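User: I have a two-chain model open and want to go through it. Can we take it piece by piece?

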Amino acid sequence: MTTPTTQTTHVRPNYMLIWLYLFVMTIAEVLLAFELPVSQNLKLVLLLFLAIWKAMLVALFFMHLKFERWRLRLIFIVPLPLAIILVTTVIMEKVF
Amino acid sequence: MTHATQIVDQMRPPAPAEPGSGVYSNKLGMWVFLASDVMFFTALIGSYIVLRFGMGSAWARPGAVLNVPLTGLNTFLLICSSVSMVKAYAAIADGKKYFLRKIPGKTLQDGGLKFWLLVTIICGAGFVGVQLFEYIKLVGHGFTPTGYREGSLLAEHALADPVKYGAGVAGMYGSTFFTMTGFHGFHVTCGVISMLYLYFTKVLPEKYSPQDYRGIEVIGLYWHFVDLVWIILFTIVYLI
């Protein structure tokens, strides 16, 4: 049985604008990977930056994480440092 | 701004919250599942990163084996499905249970929950279809989870240009590629099946209302997560 509690409302984001951002960034990624004369290291950094930015847009606006309470955000955020630790540990094992 | 517009622009929770967690239990359960799925995909992506960069320049060049324009189109399809999913969520929050409705004075019809969820299902099924097509083509050209099949077109290319095609690590390339994209494709397939189930059992019989549309929000969270994972996979597997 659910108990109604006080709930907040938020202004709805412009979903079509976010879709446009994602579309433009995807084209930018493909152009960056195959067309633009950029050094490999810079290309790697820029591609990862664009991918993370796109993922953030989806999480914040489509999944409404921007409007959720912190206790719910934490469920999603906590695995991320654990993921970084996992990858770093495996890389360290490979390196040493 | 009129009062009616103000109501339309508001985002309201789809169901009353449970005391304590602050959200209803279905949503909390989905978030916990997604957190575990983050770790699952991290293990796959992490292993790929370690193998890929541990091999230095031995890996096949981007676009040498994989069809990037086709996958770029597939990425676009999944992004479109994500926006149509969130439009379905917004439609039912506003009480629009219908398929399409004519708006006086406007050329385009207004889409409701039935329309936007159907668009999402079609785009999702399209993604799976294109991925299957890509797999069939790749296997046909000789790219398998164990590497380049002997006597195949890709094996010949790899012999002629071993650096471009990463001939030395083809087995590792094939196994990591098919494992990561395969598991993601499995997630997309599960999402499409779940949405089809909701469409026929809840959406068409109009069981959702602006007061309770938990199923739409929960499947929406899952669907956006699948999109989010693909955004990362597309960059790491196809572009780098």
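User: First thing, is H64(A) buried or exposed?

Analyst: This is a predicted model. In it H64(A) is buried, because 21 other C-beta atoms lie within 10 Å and the cut-off for buried is 20 or more.

User: Where does H64(A) sit, and what is its phi?

Analyst: H64(A) is in the loop between α2 and α3 of chain A, just after α2(A). Its phi is near 60°, a positive value in a residue other than glycine.

User: Which residue of chain B has a positive phi near 55°?

Analyst: E206(B) has a phi near 55°, and E206(B) is not a glycine either. E206(B) belongs to the loop between α6 and α7 of chain B.

User: Buried or exposed, that E206(B)?

Analyst: E206(B) counts as exposed, because it has 12 C-beta neighbours inside 10 Å and exposed means 12 or fewer.

User: Back to α2(A). How many residues does α2(A) have, and what does it span?

Analyst: α2(A) has 23 residues, and its first and last C-alpha are 32 Å apart. That is close to the 33 Å expected at 1.5 Å a residue.

User: Which residues of α2(A) are buried, and what do they pack against?

Analyst: The buried ones are L47(A), A51(A), K54(A), V58(A), A59(A), F61(A) and F62(A). The buried residues of α2(A) pack against α1 of chain A, and also against α3 (68-93) and α7 (214-239) of chain B.

User: What is the geometry of α2(A) against α7(B)?

Analyst: Their axes come within 9 Å and cross at roughly 175°. α2(A) and α7(B) are therefore roughly antiparallel to each other, since angles over 145 degrees count as such.

User: Which residues make that contact between α2(A) and α7(B)?

Analyst: From α2(A), L47(A), L48(A), A51(A), K54(A), A55(A), V58(A), A59(A) and F62(A) take part. From α7(B) come H224(B), D227(B), L228(B), I231(B), I232(B), T235(B) and L239(B). The contact of α2(A) with α7(B) divides into eleven nonpolar, two polar and two charged residues.

User: And the whole contact between the chains, how many residues from each?

Analyst: Chain A gives 45 residues and chain B gives 45 residues. On the chain A side, β1 (10-11), α1 (15-34), α2 (40-62), α3 (70-77) and α4 (79-95) each supply at least two residues. The largest share of that side, ten residues, comes from α1(A). By class, the side of chain A that touches chain B has 32 nonpolar, seven polar and six charged residues.

User: New topic, chain B. How many helices and strands does chain B have?

Analyst: Chain B has seven helices and five strands, in the order α-β-α-α-β-β-α-β-β-α-α-α along the sequence. Its C-alpha atoms fill a box of roughly 70 × 45 × 35 Å along the principal axes. Of the 240 residues in chain B, 39% are buried.

User: How do α6(B) and α7(B) pack?

Analyst: Helix α6 (residues 170-203) of chain B packs on α7(B) at about 160°, with the axes 10 Å apart. α6(B) and α7(B) are therefore roughly antiparallel to each other, and their crossing is left-handed.

User: Which residues of α6(B) and α7(B) meet?

Analyst: Among them are F177(B), M180(B), H184(B), M195(B) and L198(B) in α6(B), and I219(B), Y222(B), W223(B), W230(B) and L233(B) in α7(B). The residues of the contact of α6(B) with α7(B) divide into 13 nonpolar, six polar and one charged.

How values were computed
Residues are numbered from 1 along each chain as its sequence is written. Chains are lettered from A and ligands numbered from 1 in the order in which they are written. This is a predicted model: local features need pLDDT of at least 70, side-chain atom pairs count only at pLDDT 80 or more; totals for chains, interfaces and linings use all residues. Two residues are in contact if their C-beta atoms, placed from the backbone, lie within 7 Å. Helices (H or I, at least four residues) and strands (E, at least two) are DSSP runs, numbered from the N terminus. Ala, Val, Leu, Ile, Met, Phe, Trp, Tyr, Cys and Pro count as nonpolar, Asp, Glu, Lys and Arg as charged, and the others, Gly among them, as polar. The expected span of a helix is 1.5 Å times one less than its number of residues. Axes are lines fitted to C-alpha atoms, for helices over the stretch in contact, and angles run from 0 to 180 degrees between N-to-C directions. Angles under 35 degrees count as roughly parallel, over 145 as roughly antiparallel, 65 to 115 as roughly perpendicular and the rest as oblique. A crossing is left-handed if the near helix is turned anticlockwise from the far one by less than a right angle, and right-handed if clockwise.
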